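Open the model in your viewer and have the selection tool ready. The stops below go from confidence to core to aromatic rings.

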Amino acid sequence: AARRMQNSGAPGLTLFGDAAWREELADLPEDRLDLRGTLDYYNELPGLYRASELVLNVTSLLLPAGLNQRHFDVWTAGAAQICDPSPGLDIFPQELVQPLLFRTPADIPARAEALLSDPARLRGLTRDWRALLLAEHTYVHRIQAMLNALESIR
């Protein structure tokens, strides 16, 4: 979750996970990282998403062409995210995808700041993403697509 650091006004990082992240992010100044413990996916994570200014979503190197659940959960919880480009994002309208993308880790602060500095745009993206996902990408939609595919091979 991105947030503005209170002293500098610069974006900082609140990260939920185990202590190994401190080693992974050793180059990040300690006053720019707020490392917290792990979360319960069902009971705590949706509220954390809603309370975040912006969620950072990075595609897994194990599934580089796919989407992860965060691509869906963040928006449906009423929050916003930035993410790296993934071919899986092609299933969504590009006018919703493009404002969220960063190409390299060095691009993350500028992308985050561009969205955080325009709250009306960020609220609009959050609203439009949530509406799209609820209209076209729920589990009911997935099940219906599977049933349609099975019906077509009969």
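What follows is a walk through a predicted model, one selection at a time.

**Colour by confidence.** Start with pLDDT. The chain averages 90, and 93% of the residues score at least 70. Confidence is highest in α4, with a mean of 98, and lowest in strand β1 (residues 2–4), with a mean of 47. Now select residues 1–6, where pLDDT stays under 50. The model has 30 contacts beyond four places in sequence for this stretch. Where pLDDT is low, the predicted coordinates should not be read in detail.

**Select the core.** Pick Leu54, Leu89, Phe92, Leu100, Leu115 and Trp129. Of the 22 residues in the largest nonpolar core, these touch the most other members. Next show α3 (70–76), β5 (81–83), α4 (94–97), α5 (108–116) and α6 (119–136), each of which supplies at least two residues of this core. Which helix gives the largest share of this core? It is α6, with five residues. Another core, of six residues, lies apart from this one; Leu45, Val74, Ala77 and Ala79 are among them.

**Centre on Leu89.** Leaving out residues up to four places away in sequence, Leu89 touches Leu67, His71, Cys83, Asp84, Gln94, Val97 and Leu101.

**Show the aromatic rings.** The model has four aromatic pairs. Select Phe72 and Phe92 for one of them: the rings are edge-to-face, 5.8 Å centre to centre, with 65 degrees between the planes. Phe72 belongs to helix α3 and Phe92 to the loop between β5 and α4, so this pair links distant parts of the chain, 20 residues apart. Are these two residues buried or exposed? Both Phe72 and Phe92 are buried.

Then select Trp75 and Trp129. This pair is stacked, at 5.1 Å centre to centre and 10 degrees between the planes. Because Trp75 lies in helix α3 and Trp129 in helix α6, the pair ties together parts that are 54 residues apart in sequence. Trp75 is buried, with a relative accessible area of 1%, and Trp129 also counts as buried, at 2% relative accessibility.

Display the two pairs at once: Phe72, Trp75, Phe92 and Trp129 form one aromatic cluster.

**Finish at Arg142.** The charged end of Arg142 sits over the ring of Phe72, 4.9 Å from its centre.

Definitions and conventions
Residues numbered from 1 in each chain as written. Predicted model: local features only at pLDDT ≥ 70, side-chain atom pairs only at ≥ 80, totals over all residues. Heavy atoms only, no water. Core = buried A, V, L, I, M, F, W, Y, C linked by side-chain atoms within 4.5 Å. Buried < 20%, exposed > 50% of the residue type's maximum accessible area, 1.4 Å probe, protein only. Helix = DSSP H or I, 4+ residues; strand = E, 2+ residues; numbered from the N terminus. Contact = heavy atoms within 4.5 Å. Phe/Tyr/Trp six-rings, centres within 6.5 Å; stacked < 30°, edge-to-face > 60°. Lys NZ or Arg CZ within 6 Å of the ring centre and 35° of its normal. pLDDT = per-residue confidence, 0-100.
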